[in-house]
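Here's a quick briefing for anyone meeting this structure for the first time. Take a look at it, then work through the notes below.

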Amino acid sequence: MNKIFFLKKRTFYVLMMCLTSCIVLRIMLHAQESVPKLIDAKWLKENLSRENMRIVDVRDDVKEYWKGHIPGAVYLDPEAMKWPQGGVPVKLIRPAAFVELLGEMGIDRNTFVIAYSERGDFSAPYLVWALDYIGHEKSAVLDGGFLKWEKEKGAVTQDYPQIGSERYPPPSGLNENVRATLKQVEQSIGQEDVLVLDVRTEALYTGEAGVWKRRGHIQGAVHHFWGDDMNEDGTWKEAKEIRRIYETLGATPDKTIIVSCGQGSMSSHTYFTLKHVLGYPKVKHYDGSFHEWSNLEELPVQSGRSAGPDPEKLLQNRCTACHNLDRVHKQKEDAAGWEKIIDRMIKRGTKLNETERMMLVDFLSKKGK
Ligand code: HEC
């Protein structure tokens, strides 16, 4: 009796140990699998022979690929990811055609895809966004692209990879959370919890330059140039620094951020920055972008510089928690005087970033005159 009990107890312990090690192993495997979305050359060098991984070279010119590429990399012309839709020229290719492309590159649903372009430009993020859209989460961008890889003396080859033809199954569902439609952008105008970010150059945003039927930007869109998130060498700036820039613009993680540009290329870069570098939860890429929007006469287009936040609204929002605005309006000060007052209010707990602070100082001192 005693012996049986002992045996049972031992079996119980053995079972428990198995279970525990199973759990630990799973956690370890999981930790191993979770690779950041932005990988550096050092990581890739150490993982070049990793299983079920496909490196995709999406540089603009295939000649660059012929001259030399990262070992194992397959070439994808970035323009191949774009196709007309309903008369609008360059939107994301149909998902069914996109997965066919993936299969051709030896990618299946479980392949870890690493994309690189020349330097930190937008073709690699475009591929990651397209993968996000079809629900393929295992992907990353090589920080600094091929240029940085070469600089760090990463291996380069002229050989093509050996690829059998895989079949990528049709996506079971599309992740509409990461893509904005024309209608959604239209509905977002005037809404406080949605921000449209236009990430083209300043001249395209203001309408001084551009080749579309109408120039300028989507009404209410806030301007931020995508390249300002990058260092000189094409790597991303520190997340902390980038985040500060976006918060100054009012692009905070509580809002839905719709990113837009001319034809959905540059904005895929900003999508990647917000979604995967900063971890914002609600980022939508509008790949129809200004080339779709500007062509439809009934949709509002603005030109000129961004009006920015309305100072009256800012006073109402930030300054009325402790006293009413009479207190503010009856005070007459010059810029230096207002700067002192505002800084006192910030010390007392008023939340204002640098842009807002300067804007209020400017607004209040002019008002007093
Ligand atoms: C956290 C609370 C709080 C917020 C928010 C706040 N204030 Fe004040 N404010 C005070 C207090 C406290 C005083 C001083 C009251 C007193 O002296 O009795 C004051 C006084 C003032 C005065 C009178 C001059 C002075 O320095 O005493 C002005 C003008 C003023 N605030 C402007 C603003 C503006 C503009 C904002 C928004 C940018 C703002 N306040 C936001 C707490 C606040």
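A word on sorting residues before we start: Ala, Val, Leu, Ile, Met, Phe, Trp, Tyr, Cys and Pro count as nonpolar, Asp, Glu, Lys and Arg as charged, and the others, Gly among them, as polar. By that sorting, the shell around the ligand holds eight nonpolar, four polar and four charged residues. Keep in mind that this is a predicted model, where local features need pLDDT of at least 70 and side-chain atom pairs count only at pLDDT 80 or more, while totals for chains, interfaces and linings use all residues. Residue numbers start from 1 along each chain as its sequence is written.

**The big picture**
- The protein has 15 helices and 13 strands; these are DSSP runs numbered from the N terminus, with helices (H or I) of at least four residues and strands (E) of at least two.
- Its C-alpha atoms fill a box of roughly 90 × 70 × 40 Å along the principal axes.
- An automatic or database domain assignment sets the domain bounds, and the protein splits into domain 1 (38–174), domain 2 (177–302) and domain 3 (311–367).
- Between the C-alpha centres of domain 1 and domain 3 there are 49 Å.
- Of the 369 residues, 33% count as buried; that takes 20 or more other C-beta atoms within 10 Å of a residue's own, whereas exposed is 12 or fewer and partly exposed is in between, with C-beta atoms placed from the backbone.
- Among contacts (C-beta atoms, placed from the backbone, within 7 Å) with a separation of 6 or more, 76% are between residues 24 or more positions apart.

**Around the ligand**
- The ligand is surrounded by 16 residues, and the closest are Cys319, Cys322, Gln331, Met345 and Thr350; being near it takes a C-beta atom, placed from the backbone, within 6 Å.
- Helix H13 (326–329) and helix H14 (335–347) each supply at least two residues of this shell, and H14 gives the most, with four.

**Nonpolar cores**
- A nonpolar core is a set of buried Ala, Val, Leu, Ile, Met, Phe, Trp, Tyr and Cys residues joined through C-beta atoms within 7 Å.
- The largest one has 64 residues, and Val56, Ile114 and Ala130 are among those with the most contacts inside it.
- Helix H5 (residues 123–133) gives the most to this core, with eight residues.
- Both domain 1 and domain 2 put at least three residues into this core.
- Trp338, Leu360, Val361 and Leu364 belong to a second, separate core of five residues.
- Ala130 touches Met81, Leu92 and Phe98, leaving out residues up to four places away in sequence.

**Strands**
- Strands count as paired if DSSP finds at least two bridges between them.
- S11 (residues 256–260) pairs with S12 over three bridges, and Val259 stands opposite His285 in S12.
- S4 (residues 82–85) and S5 (residues 88–92) run antiparallel, joined by three bridges, with Gln85 opposite Val88 in S5.
- Two residues sit between the strands of the S4 and S5 hairpin, where Gly86 takes a positive phi near 55°.

- His276 is in helix H10 (residues 266–277).
- Why does His276 count as buried? Because it has 21 C-beta neighbours inside 10 Å.
- His276 touches Lys37 and Leu38, not counting residues up to four places away in sequence.
- Pro36 is 240 residues from His276 in sequence, yet their C-alpha atoms are 8.6 Å apart in space.

Conventions. Contact = placed C-beta atoms within 7 Å.
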